[in-house]
Amino acid sequence: MKAKLLAGAAVALVLGTASAVADIKVGVLLPESGPAGLFGPSTRNSALLAAEAINAGGGINGEQIELVFADVGVPPAEAAQAALRLWKGQGAQAFVGMHDSAVREALIGRFNGQVPYVYTPVYEGNSCAPGLYVTGETPSQQLAPVIPYLAGKEGVSKWYLIGHDYNWPRDTNALAKGYIAEAGGEVVGEEYVPFTVSEFDSSLQRIRESGADAVLITLVGGGSVGFNVSFAGFGLDDQAIRLGTLIEENTLAGIGAENADRLYSSSGYFASIKTEAAASFAADYAAAFGGDGAALNGLGQSAYEGLMLLAALANKAGSLDVAAMDAAAEGTSWTSPRGANVLTGRHMAQTIYLADGSGGAFEVVAAFDSVASSEACTN
């Protein structure tokens with residue numbers, strides 16, 4: 001009981017820090033509905049912790065920040081309207097977004113370089129616009145070192161690619177084909193399904209018939225859960241390993257230990273990382289939200305990363321003015337649960353971890369240090 005009371009007090013402290021009257025409002029755009037809705041609670045929690053840390057460290061240019069939230073787990077046009085309400089209606093002066101790529105493109109058009117916007121999740125790369133800064137992993141980071149590693153470790157060479165039908169999976173797989181070929185492998189199947197699909201029997205039959213011994217999964221949220229549960233049900237975990245670039249702790253929990261044999265994930269962050277920075281963040285998260293809080297994961301944690309970058313950029317520029325921040329962006333440094341970071345080409349090099357989810361918990365089996373993004377911006 002005492003532990004629960006302490007956790008409740010910590011939550012109250014975090015909420016108070018983030019919602020008290022402050023000088024700067026920062027919009028946090030996250031999915032609280034739709035296929036990615038399972039990432040929403042951890043994203044909100046991580047953002048609250050970042051706001052507390054920023055304010056405790058002096059805020060942005062000496063001013064305290066307040067977070068205002070909007071659900072963008074909706075179609076892009078609706079998400080853009082939700083962001084507009086925070087911007088013009090509530091006075092948000094900067095944005096951090098953890099959402100899909102289709103929403104990002106709509107927001108770039110809506111903001112039109114008038115307000116700083118930090119985009120934080122895994123994405124396909126090559127998104128460059130005034131006022132846009134990226135912290136998420138790109139395909140070259142997640143796949144270029146990992147595919148040859150798995151080819152050697154697991155002896156796989158026949159890859160089947162399956163993802164949801166939008167730009168992130170398609171662009172990721174376009175690059176993945178090159179990495180597979182360079183590792184001496186081949187693509188034996190490729191398909192994309194609408195977000196509305198919940199039954200994967202026909203896809204799984206095609207995977208079986210293709211002779212694939214590795215499957216690259218770029219499905220989101222609940223779709224990934226359904227696919228992976230059915231994959232094991234078909235007995236395909238005996239035929240092929242699986243590699244996901246968006247399978248985190250919440251998704252793995254939904255898949256279940258019994259369905260996760262030889263299921264790998266590539267990410268810049270897992271809750272099980274054994275570093276001082278990650279351990280400190282995990283302790284703060286547990287103290288604030290208790291054992292019943294949403295599971296720590298790379299997508300949720302990325303909101304913390306994004307807010308810390310926003311503060312570092314604005315403090316370096318001395319302003320939230322986009323032109324000033326763009327001029328100051330290159331070489332901006334900051335620290336986060338992922339360690340010490342430097343902004344290069346509006347993106348960040350980072351350690352990439354490969355984890356095995358067999359048994360229902362991620363165990364890091366390989367780490368690739370300071371992997372730069374080939375999809376960063378050139379100016």
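This is a short tour of a predicted model, stop by stop.

Residue numbers start from 1 along each chain as its sequence is written, and side-chain values use heavy atoms, with hydrogens and water left out. Because the model is predicted, local features need pLDDT of at least 70 and side-chain atom pairs count only at pLDDT 80 or more, while totals for chains, interfaces and linings use all residues.

**Stop 1: the largest pocket.** Select Ala36, His99, Asp100, Tyr166 and Val220, which are the closest to the centre of the largest pocket among its 27 lining residues. A pocket is an open set of points on a 1 Å grid over the protein atoms alone, with protein on both sides within 12 Å along at least five of seven lines; lining residues have an atom within 4 Å of a point. The volume of this pocket is about 370 Å³, counted as the space filled by probe spheres set on the points, which are joined across faces, edges and corners. Next colour helix H4 (residues 101–111), which supplies the largest share of the lining, three residues. Helices here are DSSP runs of H or I with at least four residues, strands are E runs of at least two, and both are numbered from the N terminus. The lining has 21 nonpolar, five polar and one charged residues. Nonpolar covers Ala, Val, Leu, Ile, Met, Phe, Trp, Tyr, Cys and Pro; charged covers Asp, Glu, Lys and Arg; the others, Gly among them, are polar.

**Stop 2: Thr43.** Move to helix H2 (residues 40–56) and pick Thr43. Thr43 is buried, at a relative accessible area of 1% (buried is under 20%, with a 1.4 Å probe and protein chains only). Leaving aside residues up to four places away in sequence, Thr43 touches Leu30, Met98, Leu299, Gly300 and Ala303 (contact means heavy atoms within 4.5 Å).

**Stop 3: H12 and H13.** Show helix H12 (residues 298–317) and helix H13 (residues 322–329), which pack at about 100 degrees with axes 8 Å apart. The two helices are therefore roughly perpendicular to each other (65 to 115 degrees). Axes are lines fitted to C-alpha atoms over the stretch in contact, and angles run from 0 to 180 degrees between N-to-C directions. On the H12 side select Leu310, Leu313, Ala314, Lys316 and Ala317; they meet Ala324, Met325, Ala328 and Ala329 of H13. This contact has eight nonpolar, no polar and one charged residues.

**Stop 4: the largest cavity.** Finish at Thr245, Leu246, Ile247, Glu248 and Ser267, the closest to the cavity centre of 15 lining residues. A cavity is a set of grid points where a 1.4 Å probe fits but cannot get out. Its volume is about 100 Å³. Strand E10 (263–267) and H12 each give two or more lining residues, and E10 gives the most, three.

Definitions and conventions:
Angles under 35 degrees count as roughly parallel, over 145 as roughly antiparallel, 65 to 115 as roughly perpendicular and the rest as oblique. Buried means under 20% relative accessible area, exposed over 50%, partly exposed in between (1.4 Å probe, protein chains only).
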